[in-house]
Amino acid sequence: MDWNQLAQLLFPTIDKTPADYEALYPARDLKDGARVTRFAPSPTGFLHFGNLFTCLVSYKTAKCTDGVFYVRVEDTDQKRKVDGAIEVMLKGLSVYGIVPDEGVIGENEETGAYGPYYQSARKEIYQAFAKSLVEQGLAYPCFMTAEELDEIRAAQENESIKGIWGKWAKHRDLSFEEIAARIAAGEAWTLRLKSPGTPEGKCYFDDMIKGKIEMPENLQDVVLLKSDGIPTYHFAHAVDDHLMRTTHVVRGDEWISSAPIHLQLFKLLGFKAPKYAHVAPIMKEENGGKRKLSKRKDPEAAVTYYAEEGFPSESVNEYILTLANSNFEDWRRMNADEPLEKFPFNLKKMSVSGALFDMVKLTDVSKNVICKMPAEKVFALSYEWAKEYHPALAALYEQDTARATAILNIDRENKKPRKDIAKWSDIPAYLSYMYDETFIPCYDLTGNATPALAVKVLEKYIDIVNLADSKEEWFERIKGMCESVGCTPNVKEYKQNPAAFDGHVGDVSTVIRVALTGRTNTPDLYEITRLLGETTVKARLAAALAHYKEEN
């Protein structure tokens with residue numbers, strides 16, 4: 001076989017060589033140890049939490065080494081393409097601080113010296129490398145029809161090794177004349193790899209997360225180019241990762257089974273293979289067992305869920321790092337106020353078996369993140385969220401933005417800030433009692449606070465409450481009225497002789513708190529009283545007094 005003659009027959013219009021593209025896309029000028037990683041989505045528009053997780057790992061891998069993170073769109077399967085999908089995915093990533101250094105940065109918009117970054121625009125590049133493989137006798141045209149392939153699949157049902165190899169590779173050794181005649185007759189063909197693998201051969205590689213892996217080497221004559229000249233994923237990714245000078249590929253561990261094909265392709269193409277880091281899927285507990293986080297079953301599988309619920313991006317990123325690196329939480333305890341960018345992310349600290357998604361843990365992490373935010377930031381972020389997802393909250397904010405910020409600041413700027421808010425969707429309920437439009441009275445009492453005590457407390461307090469008081473003056477007023485309602489201003493004294501009193505100052509405060517907020521547990525009552533305003537305070541105290549009188 002004259003392989004050069006065959007290559008020219010198959011690719012008569014391809015005049016560039018691999019050497020031309022090597023010159024066009026030279027090695028990157030980066031410092032030693034800098035890693036080049038990528039996110040390579042299909043344009044379907046759905047961004048799974050697992051995609052975000054893997055993408056953040058890839059991004060951190062590059063950024064921790066002063067490397068490059070780029071986006072390449074794998075759109076060779078045009079049937080799966082969804083209009084606007086790339087814009088949606090890029091926006092979804094940018095929310096979490098993942099912005100590519102190069103590659104696709106918008107719908108049909110890209111930047112960087114290693115493009116095109118849409119695979120659909122790289123057809124001639126793939127064909128140049130395919131032509132080179134044919135010239136070396138490493139690839140051949142296959143004319144098998146869909147029916148023939150179905151017959152082979154059926155015949156191999158009980159075979160341990162499936163696919164086109166050995167006796168099944170019917171067209172591996174066709175003569176040039178037979179090939180030329182079939183092409184002249186208009187028969188469709190795909191280009192297959194002429195795999196040098198053997199049944200006894202082994203493939204070895206050192207995975208950055210899972211360690212040393214040994215597998216049978218690839219035997220299959222996999223398809224490199226489909227009948228329309230478009231490459232398969234296997235072939236395209238090998239050419240692209242080489243020419244874009246990718247050093248580390250972070251991907252789901254479902255791709256481990258394809259690693260022998262990919263490593264074989266890199267070797268036959270004369271490329272240095274990138275390092276692979278195969279990430280285990282995000283798992284979820286169910287009925288005592290574990291399963292993958294499911295797009296169909298779990299709303300939290302969609303990255304849009306976190307925006308809709310109002311989890312700040314900082315919270316989600318913080319939580320992802322607790323899943324991604326086993327040492328992150330220890331680092332955070334030692335570096336409570338450091339930005340996430342300072343964390344020394346390490347692929348080798350990732351779970352081999354898969355991280356477990358835990359909504360309770362995410363909620364706790366988010367409470368810790370939000371409680372450290374200044375009120376101005378909480379207001380700004382929650383207002384942006386409310387404008388899109390909760391117009392009623394936005395309208396309340398807009399009545400008086402300074403007051404809304406002050407409400408959010410209650411018990412925030414102290415050594416132990418409250419952790420009532422885990423996500424912005426918690427805020428409407430959290431501050432509902434601060435607005436007459438959303439206040440729902442509830443007069444249930446706790447402790448020693450009975451309706452009878454409530455009547456006595458409210459009859460006194462409604463006449464002495466003064467919003468001009470300092471906090472100390474306000475609390476002294478409450479303590480000062482204790483004896484007149486049968487209570488002690490000293491909790492310790494009450495505990496020593498409870499039978500002597502109807503309650504203590506805490507019970508008196510509970511009555512006032514419930515009257516003003518409908519709750520027994522709230523942030524600082526003095527600040528609440530001050531921000532409610534005199535008209536609202538007097539009205540609520542009067543309504544509560546009437547209720548308890550009726551109850552008695």
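1. Start with the largest cavity. Its lining is made up of Lys367, Ile370, Cys371, Leu408, Ile410, Asp411, Arg412, Arg418, Lys419, Asp420, Ile421 and Tyr430. Note that the model is predicted.

2. Helix H13 spans residues 359-371 and gives the most to this lining, with three residues. The space inside the largest cavity is about 80 Å³. Five cavities of 30 Å³ or more are present in the structure.

3. Turn next to the open sheet. Three strands build it, in the order S5-S6-S9, and their pairing is antiparallel. Strand S5 (139-142) and strand S9 (223-225) are the edges, each pairing on one side only. From one strand to the next, the twist averages 45°.

4. Strand S6 covers residues 190-193, and two bridges join S6 to S9. Arg192 has Val223 in S9 as its bridge partner.

5. Now the nonpolar cores. The largest has 160 residues. Phe49, Leu191, Phe235, Tyr397 and Leu431 have the most contacts inside it. Helix H3 (residues 49-63) supplies the largest share of this core, eight residues. Another core lies apart from it and has seven residues, including Tyr140, Cys142, Ile152 and Ala169.

6. Leu191 deserves a look of its own. What is Leu191 in contact with, leaving aside its neighbours within four places in sequence? The partners are Leu10, Phe11, Ala130, Val134, Ala139, Tyr140, Pro141, Val222, Val223, Leu224 and Leu225. One of these, Val223, is also the bridge partner of Arg192.

Technical notes. Residues numbered from 1 in each chain as written. Predicted model: local features only at pLDDT ≥ 70, side-chain atom pairs only at ≥ 80, totals over all residues. Heavy atoms only, no water. Pairing = 2+ DSSP bridges. Helix = DSSP H or I, 4+ residues; strand = E, 2+ residues; numbered from the N terminus. Axes fitted to C-alpha atoms, helices over the stretch in contact; angles between N-to-C directions. Core = buried A, V, L, I, M, F, W, Y, C linked by side-chain atoms within 4.5 Å. Buried < 20%, exposed > 50% of the residue type's maximum accessible area, 1.4 Å probe, protein only. Contact = heavy atoms within 4.5 Å. 1 Å grid on protein atoms, 1.4 Å probe; cavity = no way out; pocket = protein on both sides within 12 Å on 5 of 7 lines; lining within 4 Å. Points joined across faces, edges and corners; volume = space filled by probe spheres on them.
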